[in-house]
Amino acid sequence: MSLFPHHAGFLAGLKNSAINETRKFIVLFLYLSVWFSALVLLSNSILRANELPLLTLSFALVKAALCAKFMLLGQSLFPMALGKGRPIFWILMRHSIVYLVVALALSFFEAGLEGLFHHKPFLESLLNFEQGDPYRLAATSFIYWLIILPYLVFVGIREELGYSEVSRILFGAADVTTDATAVKVPDSGTGTQRK
């Protein structure tokens, strides 16, 4: 018999939490990686650069990883306060603005680092993000917001309906695993057999 009977339960809960957080991170990282890489390739094609922008693509992946980590940290520190009957529109808008600020801050930092790789001063490169053009900065901000908002809508729906229900709706199969962070929705009786 163990000296700490709750030790095994605590470790199992910690393991499940780590698995869930890792799964969320991977999904968000992949989602942001696709978007940020697509933006890099679009920018490269607009500038008519002939070479594949491997350095810029690697920065996009690092930015996706950092954004994913900061967004998940933000979700755990400031969860969306969703509840029965409360519209989630304004909650999603507030969270999307906060995550937009995080994405822009990381983009400024990325511009500074990229400048260092090209032997330019960090601060000068930082201030030259989007060539210092407010119109381009506004356009980039709008694109980033359009990237972030669908993910937050997905998170909001997942929290309202539960992970397994969203998986069933999206992928058509019942998920046999349970998500410890999923909101449990009472059975409405739609799946019961009638006598």
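This report describes selected helices, side-chain pairs and contacts in a predicted model.

## Helix α2

Helix α2 covers residues 54-77, which is 24 residues.

## An aromatic pair and a charge

A pair of aromatic rings is described by the distance of the centres and the angle of the planes. The count for this structure comes to six aromatic pairs. One of the pairs is formed by Phe36 and Tyr144, with ring centres 5.5 Å apart. Their planes are at 65 degrees, and an angle over 60 counts as edge-to-face, so this pair is edge-to-face. Phe36 belongs to helix α1 (residues 7-46) and Tyr144 to helix α5 (residues 134-161), so the pair ties together parts that are 108 residues apart in sequence.

Are Phe36 and Tyr144 buried or exposed? Both residues are buried. Phe36 also has a charged neighbour: the charged end of Lys63 sits over its ring, 4.5 Å from the ring centre.

## Salt bridges

Side chains of opposite charge can pair when their charged atoms come close. How many salt bridges does a search of the whole structure find? The search finds three.

One of them joins Glu110 and Lys63, at 3.0 Å from N to O. This pair links distant parts of the chain, since Glu110 is in helix α3 (residues 89-117) and Lys63 is in helix α2, 47 residues apart. Glu110 and Lys63 are both buried. Lys24 and Glu21 are three residues apart in helix α1, so about one helical turn separates them. Lys24 has 14% relative accessibility and counts as buried, while Glu21, at 33%, is partly exposed. Arg168 and Glu165 also form a salt bridge, with their closest N and O atoms 2.6 Å apart. Both lie in helix α6 (residues 163-171), three residues apart, or about one turn of the helix. Arg168 is partly exposed, with a relative accessible area of 39%, and Glu165 is partly exposed at 28%.

## Surroundings of Phe122

Phe122 is found in helix α4 (residues 122-127). Its relative accessibility is 27%, so Phe122 counts as partly exposed. Which residues does Phe122 contact, leaving aside neighbours within four places in sequence? They are Phe109, Gly112, Leu113 and Leu116. Phe122 and Glu110 are twelve residues apart in sequence, and their C-alpha atoms are 9.8 Å apart in space.

## Surroundings of Ser96

Ser96 is part of helix α3. At 0% relative accessibility, Ser96 counts as buried. Residues up to four places away in sequence are not counted here; beyond them, Ser96 touches Trp145, Ile148, Leu149 and Leu152.

Methods:
Residues are numbered from 1 along each chain as its sequence is written. This is a predicted model: local features need pLDDT of at least 70, side-chain atom pairs count only at pLDDT 80 or more; totals for chains, interfaces and linings use all residues. Side-chain values use heavy atoms; hydrogens and water are left out. Rings of Phe, Tyr and Trp (its six-membered ring) pair if their centres lie within 6.5 Å; planes under 30 degrees apart count as stacked, over 60 as edge-to-face and the rest as tilted. Helices (H or I, at least four residues) and strands (E, at least two) are DSSP runs, numbered from the N terminus. Buried means under 20% relative accessible area, exposed over 50%, partly exposed in between (1.4 Å probe, protein chains only). A charge sits over a ring if NZ of Lys or CZ of Arg is within 6 Å of the ring centre and within 35 degrees of the ring normal. Contact means heavy atoms within 4.5 Å. The expected span of a helix is 1.5 Å times one less than its number of residues. A salt bridge is a side-chain nitrogen of Lys or Arg within 4 Å of a carboxyl oxygen of Asp or Glu.
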